[in-house]
Amino acid sequence: MQRRSFLKNATLGAGAGALAVAPALAQAQPAITWRLASSFPKTLDTIYASAEHFCKRVAELTGGKFTIRQHAAGEIVPGLQVMDAVQAGTVEMGHTPSYYYFGKDPAFCFDCAVPFGLTSRQQTAWYDQGGGRELMREFYKGYGIINFMAGNTGTQMGGWYRKEVKTVADMKGLKIRIAGFAGRVMERMGAVPQQIPASDVYGSLEKGTIDAAEWVGPYDDEKLGLQRVAPHYYAPGWWEAGPQLSFYINIKEWEKLPKEYQAAVECASYECHVIMQAEYDTKNPPALARLLKNGAKLHTFSKEIMDASYKLSTAVMEEEAAKNAKFKKIYEPWKKFRQDQNQWASVAEATMQNYLINAGRR
C-alpha cells in the first residue's frame, strides 16, 4: 500500500515538474523573424491569403517566437524571381508555383503541374505518399532549397478566347498568353504563346495584341473582367489538372531552426494546403454563375483539340526525358503513379461523379 502511494505521488510530482518546465522551455526558444516573398499580388486573395494563414499559424504554434512577414509580388522581388531570392538568401522563404521556373529546368513543373498531369487529390497523394516528396527534395537540394506543399487550385480553366476554337486548324496563328510546357505544346499546334503579366492581359485582349489568355479559374478570372473582351470561356485547362503551390525555404536557414519550429512549419503548410483547395471549390461555382450571367460563353475543348493536345504533350514530355536525366528520374515513377491513379479513379470516383453530374441534369 505504501509502495503504491509512493509511486502515485512520484508520478504526480513528475507530471507537475513537466508542466512547470514546459513554459520555461518555450521561453527558452529563440525569437526568429523571417521574410516570405510571394509570387502573387494581394488582389488574388485566395492564393495570397493562404500564405497569410500559414504565417499566422506558425506564430501561434510557437507562442509568437517565430514570426514570418509576408510580402506581395514586387515588394521585395518580382513574382517570377521568388525562387532566385530564396536560393540567394535574399529572403528565407517564398510562396510560388514551381512551373514558373520551367526555363531553369522543366523538372520544376512536377512540383506544380504538367500537361495532362495529376488532379489535385492525385498530386497530394503523389507528393505525400507516392514518393514525390523524396524525388522533389533531392532535386531541390541542388538549388539549396527545401520545399513544402502550399495549396492547390484544383483543375483550372482553359482560358478566354476572342473567337471560338473548334478544331486544331483554329489554333494556328492564335496568339495566347501561356507559357511553360503548355506553351511548347501550343507551338506545335501552330499557336503563338506569349508571356504577359496579369495586369496587361485585359488591355492586350482588348487591343487584339493577343487572341486568348489563360489565367486560373472563375473566382480569380472574374476580377480581370475578360468576358467583356474575350467572351468564349473554355474548359478544361489540360495543362493544369491539379496545380500545386509550394513554400520554398532556404535550406541553410531551415537547418538553423529548432526542431519545434520545423514542426510548426510542417503543420502550418498542411493546413494551408487543405484550406486553399476548399476555398476554391467553394468560391468557383458562384463565380462561374456570375460570369455566365454577365456575358461569358462556356465551351469545352473539342475531342479533336484534346486528342491532339494529349498526343503532343506526351511527345514533348518523352523528348525532355530523353535529354534531361533529372527530369527522367522524376518522370518515370511519376508516369507509373499517374497510370495507376487513373485506373483506380475510373472504378469508383469517376463513376460516382459522372453519375451525379448526369443525374443533376435530368
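I'll go from the overall picture to the pockets, then the backbone, and finish with the salt bridges.

Please keep in mind throughout that this is a predicted model. The protein has 362 residues, and 48% of them count as buried. Its secondary structure comes to 13 helices and 11 strands. If you box up the C-alpha atoms along the principal axes, you get roughly 90 × 45 × 45 Å.

Let's move to the empty space. Rolling a probe the size of a water molecule over the atoms shows where such space is left. The largest pocket has a volume of about 1,600 Å³. Several elements give two or more residues to its lining, namely α4, α10, β11, α11, α12 and α13. Of these, α12 provides the largest share, with 7 residues. In total 41 residues line this pocket, and those nearest its centre are Thr 119, Gly 154, Thr 155, Pro 236 and Ala 241.

Helices α6, α7 and α8 each supply at least two lining residues here. By class, this lining has 30 nonpolar, 11 polar and 7 charged residues.

The largest cavity has a volume of about 60 Å³. Its lining consists of Pro 115, Phe 116, Tyr 310, Ser 313, Thr 314, Met 317, Tyr 331 and Arg 338. Helix α11 gives the largest share, 4 residues, and α12 also supplies at least two. Sorted by class, that makes 5 nonpolar, 2 polar and 1 charged.

Now for the backbone. Most residues other than glycine have a negative phi, and most peptide bonds are trans. Which residue has a positive phi although it is not a glycine? That is Phe 116, with a phi of about 55°. Phe 116 sits in the loop between β3 and α4. With a relative accessible area of 18%, it falls under the 20% cut-off, so Phe 116 counts as buried.

Tyr 99 is found in that loop between β3 and α4 as well. At 22% relative accessible area, Tyr 99 is partly exposed. The C-alpha atom of Tyr 99 is separated by 7.8 Å from that of Phe 110, which is 11 residues away along the chain.

As for the peptide bonds, a cis one joins Ala 235 and Pro 236, with omega at about -5°. Pro 236 has its place in the loop between β9 and β10, and it is among the residues nearest the centre of the largest pocket.

On to the salt bridges, of which the structure holds 22. Asp 45 pairs with Lys 223, the closest N and O atoms being 3.1 Å apart. Asp 45 lies in helix α2 and Lys 223 in helix α8, so this pair ties together parts that are 178 residues apart in sequence. Both partners are partly exposed, Asp 45 at 26% and Lys 223 at 40%. They also belong to a network of salt bridges that links Asp 45, Asp 220, Lys 223, Glu 279 and Lys 283.

In α12, Asp 340 and Lys 336 are 4 residues apart, about one turn, and their closest N and O atoms are 2.7 Å apart. In α11, Lys 323 and Glu 320 are 3 residues apart, again about one turn, with 4.0 Å between the closest N and O atoms.

One last stop, on the surface. Met 352, Tyr 355 and Leu 356 form a nonpolar patch there, with about 330 Å² of accessible area together. Met 352 is found in helix α13, an element that also contributes to the lining of the largest pocket.

Methods
Residues numbered from 1 in each chain as written. Predicted model: local features only at pLDDT ≥ 70, side-chain atom pairs only at ≥ 80, totals over all residues. Heavy atoms only, no water. Patch = residues over 30% accessible without salt bridge, like charges linked within 9 Å, V, L, I, M, F, W, Y side chains within 5 Å. Areas by Shrake-Rupley, 256 points an atom, 1.4 Å probe, with all protein chains shown as cover. Salt bridge = Lys/Arg side-chain N within 4 Å of Asp/Glu carboxyl O. 1 Å grid on protein atoms, 1.4 Å probe; cavity = no way out; pocket = protein on both sides within 12 Å on 5 of 7 lines; lining within 4 Å. Points joined across faces, edges and corners; volume = space filled by probe spheres on them. Nonpolar A, V, L, I, M, F, W, Y, C, P; charged D, E, K, R; others polar. Buried < 20%, exposed > 50% of the residue type's maximum accessible area, 1.4 Å probe, protein only.
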